[in-house]
Amino acid sequence: MTTTPPSAVDPATPPVPDAGSPGDPRDPATTGPVGTTEADLPTWRRDAAIFLSGQTVSLFGSMLVQYAIMWHLTLETRSGAVMALASVFGFLPQAVVSVFAGVWADRMDRRRLIIGADAAIAVTTLGLALLMLGGIDDLWLIYLALAIRSVGAGVQMPAVASLLPQIVPTTRLMRVNGINGSIQSAMMLLAPAVAAAVYASFSIVAVFLVDVVTAVVGIGLLLALSVPALARAAGAAERPGYLDDLVDGVRYVRTHTFVRWLLVLYGVVFLLVVAPSYLTPLMMVRTFGEEVWKLTALELAFSIGMMLGGAAIAAWGGLQNRVVMVLGSTFVFGALAVGMGLATHMWVFIGLMFLVGLAVPAFSTPSMTVLQETVEPDRQGRVFGFVGIVMAVSMPLGMAVFGPLADRFTVQSLLVVSGALMFLVATVAVIVPSGRRAVTAGATPDA
């Protein structure tokens with residue numbers, strides 16, 4: 001196995017098969033997952049606790065800013081066009097930078113990369129706070145800050161996802177990812193309340209300053225973390241150039257049948273899950289009433305479901321076959337979407353939304369874990385860079401499709417259609433040869 005481009009391989013060296021081709025040493029169907037054991041990482045519990053603590057503090061501050069900016073723009077402008085532009089500046093830079101950030105994550109110290117992105121975001125947020133204190137609050141400044149924060153998120157995502165397997169044994173990744181998912185869900189419950197309290201009692205500037213403080217704390221915890229050096233693949237004669245690594249990453253994702261299959265499934269599911277995730281408040285208002293407490297109950301049901309689902313994965317460890325979990329949860333999404341579209345009682349509707357939240361970690365955690373278990377450590381940054389692109393593009397694209405349709409058709413009908421399509425997608429994913437191989441090769445050692 002080599003990371004050098006084909007033109008740089010010694011002519012005397014036998015060619016390495018394309019990733020995902022028969023006999024490919026990188027294909028999970030031939031070797032199974034790659035990774036480390038607890039003996040390799042004796043301090044993994046301490047390191048994981050430090051890392052997750054730092055990420056939690058940093059995430060909390062970021063979520064406060066997201067809510068505060070959304071509310072601020074809504075209250076100050078009452079403009080749909082402004083909100084649409086804010087979404088573009090909040091998502092598009094992340095999608096663009098993710099593929100390049102994946103290469104950086106494989107070439108640089110991932111811990112320093114995360115710290116650098118956190119620091120850049122904090123400096124940007126502090127600068128915006130100082131300008132607003134001075135009475136300068138032009139919209140373009142907020143858009144610029146959103147764009148820089150989006151770039152930072154695009155840099156962080158592949159670095160965070162690929163750093164975790166460096167400090168956590170492979171057999172513990174599923175549980176640690178479950179804990180991380182549960183923490184993030186808990187932040188979804190706590191952050192809106194705190195953001196509302198700070199924003200209402202003080203101003204948006206106060207929220208920005210809280211984010212700066214949380215970033216500093218998160219950076220401090222990361223500085224205390226010891227991360228083992230990342231070894232490049234055996235057989236590499238010399239370190240390839242940046243462009244070579246970028247081309248190699250694109251080629252790896254394109255030719256590795258399992259990674260390609262999973263990313264396509266990931267993208268389609270994210271696009272279709274927009275309907276039950278983002279249109280349900282609209283259905284609640286249209287069908288069951290406009291009271292704020294009803295919308296709050298719906299959001300709480302989803303967030304509590306996600307938190308409990310992540311905690312369950314962390315305690316249980318998931319199925320031995322990660323791919324079966326991913327496909328099974330896709331079928332569950334489809335069934336729940338159809339059920340929500342057919343629901344005629346509000347509390348049944350809310351209960352189904354809770355089950356959707358409960359099912360989310362059963363999809364996201366094993367899909368993330370199986371990539372961490374399967375992809376070589378020195379390529380994980382690039383692979384997760386593509387995951388970041390899928391996430392940043394598919395959900396806004398789903399909103400662009402389902403949003404206008406919701407003004408022409410009932411949300412109930414869109415939920416039923418999205419659920420039926422989810423069933424179709426999961427069925428096709430199982431039937432295609434790459435899907436059958438993925439299911440067969442998806443089993444991993446007991447945690």
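Some ground rules. The model is predicted, so local features need pLDDT of at least 70 and side-chain atom pairs count only at pLDDT 80 or more, while totals for chains, interfaces and linings use all residues. Residues are numbered from 1 along each chain as its sequence is written, and side-chain values use heavy atoms, with hydrogens and water left out.

First, the overall fold. The chain has 17 helices and 0 strands; these are DSSP runs numbered from the N terminus, with H or I over at least four residues for helices and E over at least two for strands. Of its 447 residues, 52% count as buried. Buried means under 20% relative accessible area, exposed means over 50%, and partly exposed is in between, with a 1.4 Å probe and protein chains only. The accessible surface is about 19,000 Å², and carbon and sulfur atoms account for 71% of that surface. Those areas come from the Shrake-Rupley method with a 1.4 Å probe, and for residues only the protein chains shown count as cover. As for contacts (heavy atoms within 4.5 Å), take those between residues at least 6 apart in sequence: 86% of them join residues at least 24 apart.

Now the salt bridges. I count a side-chain nitrogen of Lys or Arg within 4 Å of a carboxyl oxygen of Asp or Glu, and the structure holds 13 of them.

One of these joins Arg107 and Asp245, at 2.8 Å from N to O. Arg107 is in helix H3 (residues 80–107) and Asp245 in helix H8 (residues 242–255), so this bridge ties together parts 138 residues apart in sequence. Asp245 is buried, at 0% relative accessible area, whereas Arg107 is partly exposed at 24%.

Another bridge is between Arg379 and Glu376, with 3.9 Å from N to O. Arg379 is buried at 1% relative accessibility, and Glu376 is buried at 5%. Through shared partners, salt bridges join Asp106, Arg107, Arg110, Asp245, Asp248, Glu376, Arg379 and Arg382 into one network.

Then there is Arg149 with Asp211, at 2.9 Å from N to O. Arg149 sits in helix H5 (residues 139–167) and Asp211 in helix H7 (residues 204–223), 62 residues apart. Arg149 is buried at 11%, and Asp211 is buried at 3%.

Last, Met325. This residue lies in helix H13 (residues 322–342) and is buried at 7% relative accessibility. Leaving out residues up to four places away in sequence, Met325 touches Met174, Ile313, Trp316, Gly318, Leu319, Ala362 and Pro366.
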